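Work through the exercises below with the sequence and the model open beside you. Try each task before you read its solution.

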Amino acid sequence: MTSGQPPTAKTDAAGPPDEERMPTFAEQMAEQLGGWRGLVESGIPVLVFVLVNVIFELRPAIIAAVGVAVAIAVFRLTQRKPVRHAVNGLFGVGIGAFIALRSGEARDFYLPGILYGVAYGVALLASVAIRQPLVGWLWSVIVGGGKSDWRHNPVLVRTFNWLTILWGVVWLTKVGVQAALYLADMETALGVARLALGYPPYALLLAITIWVVRRVTRTEVATPASA
């Protein structure tokens, strides 16, 4: 570090600084899903609720699910790990537990998730109708550092439009399956569906979105150079 020439000249010649680098596909997936640990931890409280409710009854199932959700959040805090996913899970479990306790119906544990899914699916499709595709804005916040340059790029606007429609259709479809099980009072099947239709579709949609947008972006950058 005491040698003559500072390394700044090499950095300047090489191009933009590292903070402008777009996160890799794996980095973006890991950030949104919370890694393998986030995937596992998000499903544990629901799995505990399903199993305990089958073996015992509603109240022990609620106590077990909430207890596990709290324990996961506290454990992450003691390890100084990010708690965003754990807190979100705890919040969802807490609301579902409160509603189920009030109604005495185990199926109501899943009601907040169903209502949230309906609202989210409708919001996605509505955002396309008003020409403000929600996936585009989420991309701006999560990946683009708050920049909304895509709004001035017709190709990216069209890309985000159909991606948002895809997200909305998939979201309403999976919520429709859960709603049908809810109305049929099939609480165990509803719990299994909640687990199966939780992170797997979300992970698939996220992978498709990242892959498509990165491909379109690379094509847009490469086109002027080859013209």
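**Exercise 1: A valine and its patch**

Val118 counts as partly exposed because its relative accessible area is 36%, where buried means under 20%, exposed means over 50% and partly exposed lies in between, with a 1.4 Å probe and protein chains only. Before going on, note that this is a predicted model, in which local features need pLDDT of at least 70 and side-chain atom pairs count only at pLDDT 80 or more, while totals for chains, interfaces and linings use all residues. Residues are numbered from 1 along each chain as its sequence is written, and side-chain values use heavy atoms, with hydrogens and water left out.

Task: find the helix that holds Val118, and state which residues form a nonpolar patch on the surface.

Step two is to list the patch, which is formed by Val118, Val122, Leu125, Ile165, Val169 and Leu172 and has about 420 Å² of accessible area together. Such patches are made of residues with over 30% relative accessible area and no salt bridge, with like charges joined within 9 Å and nonpolar side chains (Val, Leu, Ile, Met, Phe, Trp, Tyr) within 5 Å; a salt bridge is a side-chain nitrogen of Lys or Arg within 4 Å of a carboxyl oxygen of Asp or Glu. The areas come from the Shrake-Rupley method with a 1.4 Å probe, and for residues only the protein chains shown count as cover.
Step three is to trace the patch back to its helices, and here α6 (111-129) and α8 each supply at least two residues.

**Exercise 2: The helix and what follows**

Task: describe the length of α6, name its buried residues, and say what follows this helix.

Solution. First, α6 has 19 residues and reaches 27 Å from its first C-alpha to its last, close to the 27 Å expected at 1.5 Å a residue, the expected span being 1.5 Å times one less than the number of residues.
Next, the buried residues of α6 are Leu111, Pro112, Ile114, Gly117, Tyr120, Gly121, Leu124, Ser127 and Val128.
Finally, α6 is followed by Arg131, which has a positive phi of about 60 degrees although it is not a glycine. Arg131 sits in the loop between α6 and α7, and it counts as exposed because its relative accessible area is 66%. Asp185, likewise not a glycine, also has a positive phi of about 60 degrees; its place is the loop between α8 and α9, and with a relative accessible area of 41% it is partly exposed.

**Exercise 3: The core**

Task: which residues have the most contacts inside the largest nonpolar core, and which helix gives the largest share of this core?

Solution. Begin with the core, which has 42 residues, those with the most contacts inside it being Phe49, Phe109, Tyr110, Phe160, Trp167 and Trp171; a nonpolar core is a set of buried Ala, Val, Leu, Ile, Met, Phe, Trp, Tyr and Cys residues joined through side-chain atoms within 4.5 Å.
Then look at the contributors: α3 (35-55), α4 (58-78), α5 (84-103), α6, α7 (134-142), α8, α9 (187-196) and α10 (199-226) each supply at least two residues of this core, and the largest share, nine residues, comes from α8.
Now follow Phe160, which touches Pro133, Val135, Gly136, Trp139, Trp150 and Val213, not counting residues up to four places away in sequence; contact means heavy atoms within 4.5 Å. Trp139 and Phe160 are 21 residues apart in sequence and 9.1 Å apart in space, C-alpha to C-alpha.

**Exercise 4: The whole chain**

Task: how many helices and strands does the protein chain have, and what share of its residues counts as buried?

Solution. Counting the elements gives ten helices and zero strands. Of the 227 residues of the protein chain, 34% count as buried. For contacts with a separation of 6 or more, residues 24 or more positions apart account for 70%.

Methods. Helices (H or I, at least four residues) and strands (E, at least two) are DSSP runs, numbered from the N terminus.
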